[in-house]
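Subject: Structure for you to look through

Dear colleague,

I am passing on the structure we talked about, together with some notes on what was found in it. Please keep the picture open while you read, so that you can follow each point on the screen.

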Amino acid sequence: MEKMIYRKATIKDFENICLLRSQLLDDPEDRLTLEYAPYNEKNDRVWIKKCLHSKQKIAILIAEDNEGICAHSIILIEKVSKKMQAYYTYKQKARLVHLYVSITKRRQGIGKALLKYTLQYLKNKNVEFVDLECYMYNKKAAALYDKIGFEDVFIEKRFNLSRK
């Protein structure tokens, strides 16, 4: 495996992150995800730009090699308000919104390394808990999260009224 660099993305990475995210359209493993959350390039570009400009709440972390950015994670950090701290045992938590590795770079440990980098980044920000959602069909991602130490907390069910 070639040398991989893990770091927080900057606005200079915008086009390359958008290019990586556009691979979702060609990714057979993400086709079902797109059925639930259709990809819209224009909206995605606006969202990514907002993420890159965020000072505290949102961060995009990337893995890159000599070919460029090949993976990213997007995290949202949430602070518990003083009023709500009486109900929670933590002051900050995060949500892993997205973890994606380029199709050509999978099964090389990049996703696992980026996830570990992401967790360390959050720990350095004094985040105490990290939540994520993983589609039931995404067995490889679920296995990775289990291997790292994520625990099942609840099951979310969905009923689509627009289907017959």
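Before the sheet is described, one term is needed: two strands are said to pair if DSSP finds at least two bridges between them. Please also bear in mind throughout that this is a predicted model.

With that term in hand, the sheet can be described as an open one of five strands, in the order β1-β2-β3-β4-β5, and its pairing is mixed. At its edges lie β1 (5-8) and β5 (129-132), each of which pairs on one side only, and from one strand to the next the twist averages 25°.

β1 and β2 are antiparallel and are joined over four bridges, and here you can find Ile-5 opposite Glu-64 of β2. β2 and β3 are likewise paired in the antiparallel sense, over eight bridges, and they form a hairpin with two residues between them; within this pair, Ile-58 has Leu-76 in β3 as its bridge partner. β3 and β4 pair over nine bridges, again in the antiparallel sense, and Glu-78 stands opposite Lys-93 in β4.

Two helices can then be placed against these strands. Helix α1, residues 14-22, packs on the sheet, where it touches β2 (58-65), β3 and β4, and its direction makes about 95° with that of β3. Helix α4, residues 110-124, lies across β1, β2, β3, β4 and β5, and it runs at about 35° to β3.

How many of the eight residues of β2 are buried? The count is seven, and β2 is therefore largely enclosed by the rest of the structure; for this step, a residue is called buried when its relative accessible area is under 20%.

The last point concerns the surface. The loop between β3 (68-79) and β4 (92-101) contains Tyr-87, and this residue counts as exposed because its relative accessibility is 64%, where the cut-off for exposed is over 50%. Together with Met-84 and Tyr-88, Tyr-87 forms a nonpolar patch on the surface, and the three residues have about 350 Å² of accessible area together.

As you look, you might begin with the strand order β1-β2-β3-β4-β5, then find helix α4 across the strands, and finally turn to the patch that includes Tyr-87.

With best wishes

Key
Residues numbered from 1 in each chain as written. Predicted model: local features only at pLDDT ≥ 70, side-chain atom pairs only at ≥ 80, totals over all residues. Heavy atoms only, no water. Patch = residues over 30% accessible without salt bridge, like charges linked within 9 Å, V, L, I, M, F, W, Y side chains within 5 Å. Areas by Shrake-Rupley, 256 points an atom, 1.4 Å probe, with all protein chains shown as cover. Salt bridge = Lys/Arg side-chain N within 4 Å of Asp/Glu carboxyl O. Buried < 20%, exposed > 50% of the residue type's maximum accessible area, 1.4 Å probe, protein only. Axes fitted to C-alpha atoms, helices over the stretch in contact; angles between N-to-C directions. Contact = heavy atoms within 4.5 Å.
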